[in-house]
Amino acid sequence: MATTINLIRRGTAGTTDAGYTITGVTNAIITNVVLSNKTANTRYATITIAGYSFATSLQIPANGTVNFDVRLVANNNDVIVVTADQASAVDYFISGVYNS
């Protein structure tokens with residue numbers, strides 16, 4: 001059976017985030033996280049999954065991109081939260097595989 005990579009979440013990080021809840025599946029395996037700084041200054045991003053830190057105040061260079069190739073399991077009802085030190089400064093993409 002072929003494995004299909006899915007876009008789990010994308011957006012622009014704010015200074016607060018209600019989060020995205022994994023629903024309707026047994027779990028999701030997060031395989032890639034991309035953070036893109038759209039400003040001319042270093043920015044800092046934080047990502048939590050189910051309340052646990054994946055990245056805390058991670059520096060993203062001015063006009064730069066940070067890419068993680070990972071294998072993290074997020075279970076059904078886990079919440080993914082992405083925030084940045086300045087609203088609208090950092091775009092993000094989280095990709096992975098859903099398991100039913």
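Biologist: How do strand 4 and strand 7 pair, parallel or antiparallel, and over how many bridges?

Modeller: Antiparallel, over five bridges. Two strands count as paired if DSSP finds at least two bridges between them. Strands (E, at least two residues) and helices (H or I, at least four) are DSSP runs, numbered from the N terminus. This is a predicted model, where local features need pLDDT of at least 70, side-chain atom pairs count only at pLDDT 80 or more, and totals for chains, interfaces and linings use all residues. Residues are numbered from 1 along each chain as its sequence is written, and side-chain values use heavy atoms, with hydrogens and water left out.

Biologist: Which residue is the bridge partner of Thr46 in strand 7?

Modeller: Thr83.

Biologist: Is Thr83 buried or exposed?

Modeller: Buried, because its relative accessibility is 17%. Buried means under 20% relative accessible area, exposed over 50%, and partly exposed in between (1.4 Å probe, protein chains only).

Biologist: What does Thr83 touch?

Modeller: Leaving out residues up to four places away in sequence, its contacts include Ala13, Gly14, Tyr44 and Ala45. Contact means heavy atoms within 4.5 Å.

Biologist: Switching to strand 8. How many bridges does it share with strand 3?

Modeller: Ten, in the antiparallel sense. Asn37 stands opposite Val90 there. Strand 1 (residues 6-12) also pairs with strand 8, antiparallel over six bridges. Gly11 has Tyr92 as its bridge partner in that strand.

Biologist: Now the core. How many residues are in the largest nonpolar one?

Modeller: It has 22, and Ile30, Leu35, Ile80 and Ile94 have the most contacts inside it. Such a core is a set of buried Ala, Val, Leu, Ile, Met, Phe, Trp, Tyr and Cys residues joined through side-chain atoms within 4.5 Å.

Biologist: Which strand gives the largest share?

Modeller: Strand 3, with four residues.

Biologist: What about Ile80, what does it touch?

Modeller: Among others, Ile8, Tyr20, Ile30 and Ile94, not counting residues up to four places away in sequence.

Biologist: How many aromatic pairs?

Modeller: One. The rings of Phe54 and Phe68 have centres 5.1 Å apart and planes at 75°, so they are edge-to-face. Rings of Phe, Tyr and Trp (its six-membered ring) pair if their centres lie within 6.5 Å; planes under 30 degrees apart are stacked, over 60 edge-to-face, the rest tilted.
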